[in-house]
Amino acid sequence: MGSLEIFGFRALWSPYYLGAVLLLIGLYFVLIKRFGSEHERASRKEIILFVTGMVLLYASKGSPLDLLGHIMFSAHMAQMAILYLVVPPLLILGVPAWLWKKAIFRPVVKPLFQFFSKPLIAIIVFNGLFSMYHVPLVFDFIKTNAVYHAAVTVLIFIAAFFMWWPLIHRVKELPHMGGLLKMGYIMADGILLTPACALIMFSGTPLYLTYSDPSAWVEAMKLCVPLDTLSGMTLTGPEMFSSMPVLEDQQLGAIVMKIIQEIVYGTFLAIVFFSWAKKERAKDEAEDPYSPSTVH
């Protein structure tokens, strides 16, 4: 079994991507310091959430997981789950509401932002793009073209950001969903993502040439391995680095995506439910003069 080390440091750790992530973290600290005031500061919790989101962003697209995602479909789906289901909510919650206002409340930005963050539009666009991306013909084409791959990755990430925004944002001046609507939104989100995972999971044959055809796989590897490194290698297929059959790996990928999705959505569903229940209880107690908390 071959080792990923043969692809070299640049392919494994993406130093340029790491530099970009560190630059964004540095920019974050500059912005919260420059535009913050005595009453508008980033809390320690917000800073931790943002930095954690950026670390996971690097882990999904710059660490060896990115290289492994071109070899094993299951690693690819774990990468997608982190990138689209975990990173966006951390970044949204990690940026203070007052800083979001400064970025959003601009003549051209605000109307576009409000349109794409409408719950119905946001949820359909994200799940539609994610499902279309995993149609075999589309997937194999994008996976063998560096420009299209980068563009589609960014596009789905932006869609994921807008999908999460109406659920968790804290900008008071922008529309908010009630507790029941949030719970329905999360459940609908999970349902819309299920068909794509089910088709992959229950397929009786390998769907993607970039994981089953050696020539297509080598083309896909060019997206993450420098050409000068790749040109000096003799590669026969992903089986050089994984003993798992292609079909089993494909099925595992769908399971991994679904499990991570259920954990993330289940966590947010629980948070929303308990927050809603607490508010409803407080409301009932305020309206009932004979409730234990109001009787002295």
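**Pockets and annotated spans in a predicted model**

For "transmembrane region", an unreviewed UniProt entry lists residues 12-31, 43-60, 80-100, 112-134, 146-165, 186-209 and 252-274, with positions in the numbering used here, feature names shortened and annotations that may be inferred rather than shown by experiment. This is a predicted model, in which local features need pLDDT of at least 70 and side-chain atom pairs count only at pLDDT 80 or more, while totals for chains, interfaces and linings use all residues. Residues are numbered from 1 along each chain as its sequence is written, and side-chain values use heavy atoms, leaving out hydrogens and water.

Visitor: How far apart are the end C-alpha atoms of residues 252-274?
Guide: Helices are DSSP runs of H or I with at least four residues, and strands are runs of E with at least two, numbered from the N terminus. Residues 252-274 are 100% helix and 0% strand, and their end C-alpha atoms lie apart by 33 Å.

Visitor: Which helix gives the most to the lining of the second largest pocket?
Guide: On a 1 Å grid over the protein atoms alone, a pocket is an open set of points where a 1.4 Å probe fits, with protein on both sides within 12 Å along at least five of seven lines, and lining residues have an atom within 4 Å of a point. Of the 21 residues lining the second largest pocket, the closest to its centre are L167, I168, K182, I271 and V272. Helix 5, helix 10, helix 11 (179-201) and helix 15 (246-287) each supply at least two lining residues; with 9 residues, the most comes from helix 15.
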